[in-house]
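Open the model in your viewer and keep the sequence panel beside it. This tour says what to select at each stop and what is there.

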Amino acid sequence: MLLLLSCGAKKYIKDIPYNYSSDEYLKDKTQKKEISTSTYSIVDDNSEGLSDDTLRVKEKYSILMGVMPKDIKDYKLYSYVDGWLGTPYRKQMLEKNIGVDASYFVQALFSDVYGETFSKTPDGIFRSKDIQLFTVRSFLQEGDILFFRYDKSHPISDVGIYLHNDRIVACTTNGLNIYNFNDEYFQLRYVAAGRLKQK
């Protein structure tokens, strides 16, 4: 009985397909790795050396904007906006998750991100000497300020920020969020846009 078992064991070992010594195994693995490395090219998706947080924001907003990640360039802008999204609208307030007024938000954003000081009113921002005004929508870029007229007695009643691909940050009754600039709600009220002048 014992003799039968030992003969069966030898036959079983011969049938095992991976009959390598550890040296042969490592040599075979190294060759396979070299072949696969030469077949495929390595792509560096972080050639700018961005932090993990910045890469997360870049990827998130490329999806939200419907553009390629390489098209998201103003990382500070998106990082700042990201922390405020979903904050309810409250007139003349600026407190994360509590309440925010669009003009207060734009004033704080430009102060914190670009080091530029504006008035806290939509009209005051519109009249700033540091803003270059224009109306052509095809000229819009990340970070441009949008001016809206909601109130007949105030030619410039509200502001928003242009992001990318017709997506804007604005305050409505739904709070501070990303909206489609093509919506009739915004198109009927759009007056002009402004860009920070180069110094």
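Predicted model: local features only at pLDDT ≥ 70, side-chain atom pairs only at ≥ 80, totals over all residues.

A residue is called buried when its relative accessible area is under 20%, exposed when that area is over 50%, and partly exposed in between.

**The whole chain**

Show the chain as a cartoon. There are seven helices and eight strands. Buried residues account for 35% of the 199 residues. Among contacts with a separation of 6 or more, 48% are between residues 24 or more positions apart.

**Stop 1: helix H3**

Select residues 52-65, which make up helix H3.

Now colour the buried residues of H3: Thr54, Val57, Lys58, Tyr61, Ser62 and Met65. These residues cover an arc of only 125 degrees around the axis, which means that they are on the same side of H3. Next, colour Asp52, Asp53, Glu59 and Ile63; these are exposed residues on the face of H3 turned away from its buried side.

What covers the buried residues of H3? The cover includes H4, E5, E6 and strand E7 (175-180).

**Stop 2**

Side chains of opposite charge can pair when their charged atoms come close. A search of the whole structure finds six salt bridges.

Show the side chains of Arg56 and Asp82, which form a salt bridge with an N to O distance of 3.4 Å. Arg56 belongs to helix H3 and Asp82 to helix H4 (residues 75-84), so this pair ties together parts 26 residues apart in sequence. Asp82, at 17%, counts as buried.

Lys60 is partly exposed, at a relative accessible area of 33%. With the three side chains on display, you are looking at a network of salt bridges that links Arg56, Lys60 and Asp82.

**Stop 2: a salt bridge between two loops**

Select Asp166 and Arg137. Their closest N and O atoms are 3.0 Å apart, in a salt bridge. Asp166 lies in the loop between E5 and strand E6 (167-172), while Arg137 lies in the loop between strand E3 (131-134) and E4, so the pair ties together parts 29 residues apart in sequence. Asp166 is partly exposed, with a relative accessible area of 24%. Arg137 counts as partly exposed too, at 27%.

**Stop 3: aromatic rings**

A pair of aromatic rings is described by the distance of the centres and the angle of the planes. With centres required to lie within 6.5 Å, the count comes to 16 aromatic pairs.

Show Tyr150 and Tyr185. Their ring centres are 5.9 Å apart and their planes stand at 35 degrees, so the pair is tilted. Tyr150 is in the loop between strand E4 (145-148) and strand E5 (158-164), and Tyr185 is in helix H7 (residues 184-187); the pair therefore ties together parts 35 residues apart in sequence. Tyr150 counts as partly exposed at 29% relative accessibility, and Tyr185 counts as partly exposed at 37%.

Go on to Phe181 and Tyr190. This pair is edge-to-face, with 5.2 Å from centre to centre and 85 degrees between the planes. Phe181 and Tyr190 are both buried.

Together, Phe148, Tyr150, Tyr179, Phe181, Tyr185, Phe186 and Tyr190 form one aromatic cluster.

**Stop 4: charges over rings**

The charged end of Arg189 sits over the Tyr185 ring, 4.4 Å from its centre. For another example, select Arg195 and Phe139: Arg195 lies over the face of Phe139, 4.3 Å from the ring centre.

Key. Residues numbered from 1 in each chain as written. Heavy atoms only, no water. Phe/Tyr/Trp six-rings, centres within 6.5 Å; stacked < 30°, edge-to-face > 60°. Helix = DSSP H or I, 4+ residues; strand = E, 2+ residues; numbered from the N terminus. Buried < 20%, exposed > 50% of the residue type's maximum accessible area, 1.4 Å probe, protein only. Lys NZ or Arg CZ within 6 Å of the ring centre and 35° of its normal. Salt bridge = Lys/Arg side-chain N within 4 Å of Asp/Glu carboxyl O. Arc of directions from axis to C-beta. Contact = heavy atoms within 4.5 Å.
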